[in-house]
Amino acid sequence: MDVLTLHIGHMKTGTTSLQATFRDNAATLAAHGLYYYGKTRTNHALVRPFSKRTKARNESKFLKEYRNEAKANRLPQGLISSETLLRLAPEEIEACLASMRDIAGRVQVLIYVREPVALAISAAHQGVRSGRPLAEIEAQPRILNLTQIITRWRSAVGKENMIVRPFDRAQLANGDVIDDALSVLGCASAGPALQREAVNEGLSVLGIHMLDRAMARMPDRKMPYDQQRAFNFIKGPRYVLPEAALDRVRKRSAPHVAFLREEFGIELPPSTERPSAPLALSEAELASLAEVFHEINAFAYRLDRSALGRVLGTRMPYSNRFKDEDHPLRAKLAKLGVLDELAAQVATDEDDAEAE
């Protein structure tokens with residue numbers, strides 16, 4: 001391999017969508033000369049051996065497989081995409097690069113940078129999904145030390161191998177981070193052939209408050225992602241952090257914005273989003289609404305994954321679980337015509353209910 005690109009993020013710059021799309025289209029990318037490891041949901045397993053935060057300190061089986069496949073397929077370039085790289089300390093970065101240079105003749109780093117206020121707002125949505133209380137997020141919004149992150153990697157690979165791109169639709173190729181990354185890698189022709197996957201939708205003001213209350217009812221504030229997706233369908237304006245939080249982000253991120261401008265000539269247009277209006281609900285009303293919605297959603301989620309649900313082929317309308325195999329009994333019952341009878345009965349019951 002001639003060139004290996006380490007895509008280090010950062011968070012909320014379309015990284016998850018890029019990873020999902022590249023994973024699902026690994027064969028198409030290979031046909032255009034780019035090797036992407038698509039056997040795991042993300043590439044985190046390829047770089048976790050270099051992080052002291054993880055238990056695995058030896059080379060993982062996935063990295064060994066990546067190394068062997070890279071040598072065997074003889075593609076000119078490869079891409080490893082993982083936000084884990086963003087958190088590596090200087091000595092961990094050196095260990096990572098030493099290993100990667102055994103795979104490729106040259107290693108370069110790609111990072112997308114997002115306007116700090118827009119990043120903090122988007123990170124708030126993700127934070128609630130991850131189980132962090134909304135009140136805590138509003139008091140301590142997410143701010144990345146971009147100066148430190150970029151300086152660490154630039155010192156390790158050299159300025160000539162450091163690619164910093166603005167996550168701004170007006171400045172991205174075709175206004176899309178996937179097309180932009182392909183353009184950076186010299187594989188723009190692969191873009192039209194890719195089946196793309198969008199993930200990490202935003203939440204409305206009511207939706208994020210209801211999810212926050214529902215998460216508080218879960219053990220360790222953890223909720224399966226498919227169960228969370230129901231809250232995406234709660235209508236209303238998108239949630240934006242309070243003004244005090246936005247002002248804190250602007251002040252603390254100003255040196256990093258200046259660093260990007262001075263070192264890389266990157267101008268990030270200031271976010272024009274305004275704080276969300278207060279909800280016209282009391283805390284008791286909000287808690288009651290969240291509890292009812294959560295119970296209905298939890299029941300649908302359990303049914304969707306139960307043996308009965310798999311036999312009947314139920315699917316929550318907001319579920320992502322469309323690729324799972326049907327229950328073995330489903331084919332047998334269908335052969336006997338039982339499922340058709342059940343479907344007909346359900347339709348009859350629905351008609352009777354409407355008539356009443």
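Predicted model: local features only at pLDDT ≥ 70, side-chain atom pairs only at ≥ 80, totals over all residues.
1. How many disulfides does the chain have? The count comes to zero, taking a disulfide as a pair of cysteine sulfur atoms within 2.5 Å.

2. Now step back for the overall picture. The chain contains 16 helices and five strands. Of its 356 residues, 48% count as buried. Among contacts in the chain with a separation of 6 or more, 76% come from residues 24 or more positions apart.

3. The buried residues are Thr15, Ser17, Leu18, Gln19, Ala20, Thr21, Phe22 and Arg23.

4. What do those buried residues of α1 pack against? Their partners include strands as well as helices: β1 (3–7), β2 (34–36) and β3 (77–81) on the one hand, and α2 (26–31), α3 (44–47) and α9 (177–184) on the other.

5. Next comes a pair of helices. Two packed helices are described by the angle between their axes and the distance between the axes. For α6 (residues 116–129) and α10 (residues 205–216), the axes come within 9 Å and cross at roughly 30 degrees. Angles under 35 degrees count as roughly parallel, so α6 is roughly parallel to α10. Their crossing is left-handed.

6. Which residues make the contact between α6 and α10? From α6 come Ala124, His125, Val128 and Arg129, and these meet Ile208, Leu211, Asp212 and Met215 of α10. By class, this contact has five nonpolar residues, one polar and two charged.

7. Last, a look at one glutamine. Gln227 sits in helix α11, which spans residues 225–228. Is Gln227 buried or exposed? Its relative accessibility is 4%, and buried means under 20%, so Gln227 counts as buried. Setting aside neighbours within four places in sequence, Gln227 is in contact with His294, Asn297, Ala298 and Tyr301.

Terms used
Residues numbered from 1 in each chain as written. Heavy atoms only, no water. Axes fitted to C-alpha atoms, helices over the stretch in contact; angles between N-to-C directions. Helix = DSSP H or I, 4+ residues; strand = E, 2+ residues; numbered from the N terminus. Parallel < 35°, antiparallel > 145°, perpendicular 65-115°, else oblique. Left-handed = near helix turned anticlockwise from the far one by under 90°. Contact = heavy atoms within 4.5 Å. Nonpolar A, V, L, I, M, F, W, Y, C, P; charged D, E, K, R; others polar. Buried < 20%, exposed > 50% of the residue type's maximum accessible area, 1.4 Å probe, protein only.
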